[in-house]
Amino acid sequence: MGFFLETFLGGLMTGLLYALIGLGFVLIFKASGVFNFAQGAMVLVAALAMARFSGWATEALGSMVLGNVLAFLMSVAFMIAVAIVIERLVLRHLVNQELTTLLMATLGITYVLDGLGQMVFGSSVYTIDVGMPKEPLFLFEGVFEGGMLINPDDLIAAGVAATLVATLALLFQYTKVGRALRAVADDHQAAQSVGIPLGRIWVVVWAVAGIVALVAGIVWGSKLGVQFSLSTVALRALPVVILGGLTSVPGAIIGGLIIGVGEKVSEVYLGPFVGGGIEVWFAYVLALVFLLFRPEGLFGEKHIDRV
Amino acid sequence: MQNRIAQGIRGLAVAGTMAFALTAPSIAAAQAEQFIPLLVYRTGSFAPLGIPWANGKLDYLKMVNERDGGVNGVKLSYEECETAYNTDRGVECYERLKAKNGGGSLFDTQSTGITYAVMDKAPLDKVPVMTMGYGRSDSADGSVFPWSFPMLGTYWTASDIIVQDIAKKMGGADKLKGKKLALVYHDSPYGKEPIPALQALAQKYGFELMALPVVAPGVEQKATWLQIRKERPEYVILWAAGIMTPTAIREAQATGFPRDKMYGIWWAGSESDVKDIGAAAKGYNAIAIQGSADRGKAHDDILKHVYDKDQGSANSRDEVGTVAHTRGMMIQMLTVEAIRTAQEKYGKGKPVTPEQVRWGLENLDITQARLDELGFGNLMRPVKTSCADHMGSSWARIITWNGQKYETTSDWYEADMSVVNPLVKAGAEKYAKEKGLTPRDCSKE
């Protein structure tokens, strides 16, 4: 029982980390109706920026805390600059184009960000040290043999994810910008006709997605180290948003929790019977099963066509 | 009209002569050099390992040109081709460079995937493929794989040596009986390669092997390490590469598994795998190809003849002497010695063809005296190849991360060939049967 609880809890924590990345997908989709393939590359670039800025700033200021704060601010500015460049060079020219065209453009952005990120910041492994505790805690040692394992860094990451979700949910529901974002997602032309500045909205949403990518990059980067493979973490977040619904911020969290637990429990309890290594494709199977019953995802907006 | 035609012919003749006069020196120059293609991955998921490795290869070639003026006066020329560790790009590099500048001397693909993709082409193109410490383990049998050279050790010899060191730590091979060892492996042909050898060893020594695959690239391993926490194996053997290695060490920390009970394969035993983890990786062991964590005169020569002249490939001279950089140097040393051996048979002081380099690789005899002369005396043990043995040597040592750097913590081990050879023979026979090959009779060569 203790081991099952450990696996279950481990899955929940991992799911929240996936949700952090999934949020970026949701943000862009909500504001433009486009699935942003570049989210993984944005996580990589943001983490690379943070790792390198943090190294330089800590050395210059002689304090890790000050160095990290300065590096975070610099990285936020960098991701806003990336958003502006993407809007100016790519999105602005694709207003009112087919969504497929925009989708392909995000694929192109992925390759450019992957390549440029490594060219500017380097291809080595870099560290983000924000002081996250790494040693495990063992609870209920009197109840279960060996206790129940908890990782404090996972708990902190879960807190960060919850805070981000709450902030973004408020942004979308109760602010003018949030309403404008939703209007743009519904129809570019209609939004423009009522005076919503499409370009500015896209910059805002890509910048917010960039900041979310930065937070995800810091959390994942401090766990894994920062290098190219970080961009592949986004692939693990895909079933999360499929399941949770591409238009729902809380859906990313719930989807993350379900996928996280599904992955870990399947790998530990089903894996040994089929040779192991099933967690990645099992997550997709789980998402597809949900889609059979709810094609828009658990919390996605229902699409109704009037005939 | 006739005059015009005659004029045209004269013009063409003049142009042809001029073109020949202009290109002849470059052809001569190209012919006077020995071309070595360099497949590298300086970008992508495995770049942290690929960069120092590529730099080590490049630095050794530069050093031979600077210090010795090439091989018996033949300068070494080279060209890098970026594969990003992708098989399709690797094959493209191979196709592009195989016939360049008189032919690529040999290909060190730096990838098991690329090796598998080109090893059937190489015999047709008559180009040798050298895979030091990687590739197909049964290709050590030169009677079936005349063009493949898994020099200095394969994943099967590495498996045996790791188990030898574990047995030594446990107080003898008999102590392995009834114990549990876990293999955490990259779920790919690379990661699966040691399984037959470890299964044979499990049968021989009576331990239980628990094989746990990790889906590439290995960024999420929580389920794997929770299983390790539950099953509590004595030791974990880590067949990882790239980000999978530091992630595994971090997960070991997160689940409380002792790092000194972990053994990585040599591709999971570079500084880039552990230096950012620092003290938390203290005690982590890895097998080194020969003595690649040690320092020798060859390093000093590179610093003196390359870095002191601002010709170094790495950004910092501190990279010289790191495990991955030294591996690159070793590969190129073997390449250069194969070229030298070929020259001794086919004519000193002139470039040799890839086919002749193959002969050189198959007839290498690098004695201890020669290793001392080359500056590899304490880094390597003698290497002697033959028609039947394309590996040449299986010596290795265990290295351990002390929190700041790797230290060599074992004496020299040689693989137990009574375990490895039957696997090589069976694998090679199966391959020959599948491909309809008739193995060479090495007793006649």
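**Exercise 1. Burial of helix α9(A)**

Task: In this predicted model, which residues of α9(A) are buried, and what do they pack against?

Solution. 
Step 1. List the buried residues. They are Val233(A), Ala234(A), Arg236(A), Ala237(A), Leu238(A), Pro239(A), Val240(A), Val241(A), Leu243(A) and Gly244(A).
Step 2. Of the 12 residues of α9(A), 10 are buried, so the helix is largely enclosed by the rest of the structure.
Step 3. Find the neighbours. The buried residues pack against α1 (2-32), α2, α8 (198-224), α10 (249-274) and α11 (279-293) of chain A.

**Exercise 2. Span of helix α9(A)**

Task: How far does helix α9 of chain A reach from its first C-alpha to its last, and what span is expected? Then inspect the residue just after the helix.

Solution. 
Step 1. Take the helix limits. α9(A) covers residues 233-244, which is 12 residues.
Step 2. Compare spans. The helix reaches 17 Å, close to the 16 Å expected at 1.5 Å a residue.

**Exercise 3. Two aromatic pairs**

Task: Classify the ring pair Phe53(A) and Trp56(A), then the pair Tyr41(B) and Tyr85(B).

Solution. 
Step 1. Start from the total. The count over all chains is 25 aromatic pairs.
Step 2. Take the chain A pair. Phe53(A) and Trp56(A) lie 6.0 Å centre to centre with 55° between the planes, and the pair is tilted.
Step 3. Phe53(A) counts as buried at 12% relative accessibility. Trp56(A) is partly exposed at 46%.
Step 4. Take the chain B pair. The ring centres of Tyr41(B) and Tyr85(B) are 5.1 Å apart and the planes meet at 80°; over 60 degrees counts as edge-to-face, so this pair is edge-to-face.
Step 5. Tyr41(B) lies in the loop between β1 (33-40) and α2 (47-68) of chain B. Tyr85(B) lies in the loop between β2 (75-82) and α3 (87-97). The pair links distant parts of the chain, 44 residues apart.
Step 6. Tyr41(B) is buried at 2% relative accessible area, while Tyr85(B) is partly exposed at 23%.
Step 7. Widen the view. Tyr41(B) and Tyr85(B) belong to one aromatic cluster with Phe46(B), Trp53(B), Tyr134(B) and Trp267(B).

**Exercise 4. Charges over rings**

Task: Which ring lies under the charged end of Lys261(B), and which under that of Arg358(B)?

Solution. 
Step 1. The charged end of Lys261(B) sits over the ring of Tyr235(B), 5.0 Å from its centre.
Step 2. For Arg358(B), the ring is that of Trp147(B), with the charged end 5.4 Å from its centre.

Terms used
Residues are numbered from 1 along each chain as its sequence is written. Chains are lettered from A and ligands numbered from 1 in the order in which they are written. This is a predicted model: local features need pLDDT of at least 70, side-chain atom pairs count only at pLDDT 80 or more; totals for chains, interfaces and linings use all residues. Side-chain values use heavy atoms; hydrogens and water are left out. Rings of Phe, Tyr and Trp (its six-membered ring) pair if their centres lie within 6.5 Å; planes under 30 degrees apart count as stacked, over 60 as edge-to-face and the rest as tilted. Buried means under 20% relative accessible area, exposed over 50%, partly exposed in between (1.4 Å probe, protein chains only). Helices (H or I, at least four residues) and strands (E, at least two) are DSSP runs, numbered from the N terminus. A charge sits over a ring if NZ of Lys or CZ of Arg is within 6 Å of the ring centre and within 35 degrees of the ring normal. The expected span of a helix is 1.5 Å times one less than its number of residues. Contact means heavy atoms within 4.5 Å.
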